[in-house]
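User: Hi! Could you walk me through this one? I'd like to start with how the strands pair up.

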Amino acid sequence: MNQDYKELEKIAVQIRKDIINMIAEAGSGHPGGSLSAADIITALYFKKMNIDPENPNWEDRDRFVLSKGHAAPVLYAALARRGYFSPDELLKLRKINSMLQGHPDMKGTPGIEMSTGSLGQGFSASIGMALASKLDGKKNRIYVLLGDGEINEGIVWEGAMAAAHYKLDNLTAILDYNGLQIDGKNEEVMNIKPVDEKWKSFGWHVIEIDGHNFEEIFKAFDEAESVKGKPTMIIAKTVKGKGVSFMENKVGWHGSAPTKEDREKALKELGGEI
């Protein structure tokens, strides 16, 4: 395996430990969809994106929007481990006067590009960012992560049309396709298949990958950069709760906090300590 990928896997494990610790300490949060996105977020923040933690507002930076804002713990962990703020802040998640709210707050947390939580709105904001960069002649790229339950929202498809209409080839969307949403399986709540054909029909370039395989993740990012005249959607097949066996593919862990016993068991699996 590529040495870089080995290092990224170690970072992703640390981020998963952080997610478990944060949510257990807070007593509330969304572990399932945070864990499923850990590898994608790690790839972006620790290798792919052109960013500067010491200058979070650098004008020419790449930008990332977590449209599925309830998965904030994975983003907070990445920002802390990347140097935007101290990892000591992580255990203050959802506490009074903490900079780490239950959903991302662009005014209170360094490195957050958009306040998100209302599903679909982060995606629309990312389209605005990509269009603004085009109009300003910037070469930076915009990345946005959506949940598969999130694409039930009509605003997503309005945005999808706009991004294709304006030929936003500087925009890369990633779908965290873990198959579960808050009320159950996607197919039972609101069937989203065929996902690939839907995005293609809206004028997007579509790539399908294993969202836990760094080689596939980076190949997809590189391919997205080579596409001209249309935005790219990376459909990343993932496992909800990835890395913690008793959380994997369990809808009940969408928004439930680990108990003390759950926390210890999860960290033991991940190879960490509290």
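Analyst: Happy to! One term to begin with: two strands count as paired if DSSP finds at least two bridges between them. Keep in mind that this is a predicted model.

User: Great. How many bridges join E2 to E3?

Analyst: There are six bridges between strand E2 (residues 142-147) and strand E3 (residues 171-177), and the two run parallel. As an example, Tyr143 has Thr172 as its bridge partner in E3.

User: And in what order do the strands of the sheet come?

Analyst: The order is E1-E2-E3-E7-E6, five strands in an open sheet with parallel pairing. Strand E1 (63-66) and strand E6 (205-210) are at the edges with a single partner strand each, so one side of each has no neighbour in the sheet. On average, neighbouring strands are turned by 20° against each other, direction ignored.

User: Which strands does helix H3 touch?

Analyst: Helix H3 (residues 38-48) packs on the sheet and touches E1, E2, E3 and strand E7 (232-237). The direction of H3 makes about 170° with that of E2.

User: Switching topic: which residues of H10 are buried?

Analyst: In helix H10 (residues 260-270), those are Asp262, Arg263, Ala266, Leu267 and Leu270. They lie on the same side of H10, because they cover an arc of only 125° around the axis.

User: What do those buried residues pack against?

Analyst: Helix H1 (3-26) is what the buried residues of H10 pack against. On the face turned away from that buried side, H10 carries the exposed residues Lys260, Glu261 and Lys268.

Technical notes:
Residues numbered from 1 in each chain as written. Predicted model: local features only at pLDDT ≥ 70, side-chain atom pairs only at ≥ 80, totals over all residues. Heavy atoms only, no water. Helix = DSSP H or I, 4+ residues; strand = E, 2+ residues; numbered from the N terminus. Axes fitted to C-alpha atoms, helices over the stretch in contact; angles between N-to-C directions. Contact = heavy atoms within 4.5 Å. Buried < 20%, exposed > 50% of the residue type's maximum accessible area, 1.4 Å probe, protein only. Arc of directions from axis to C-beta.
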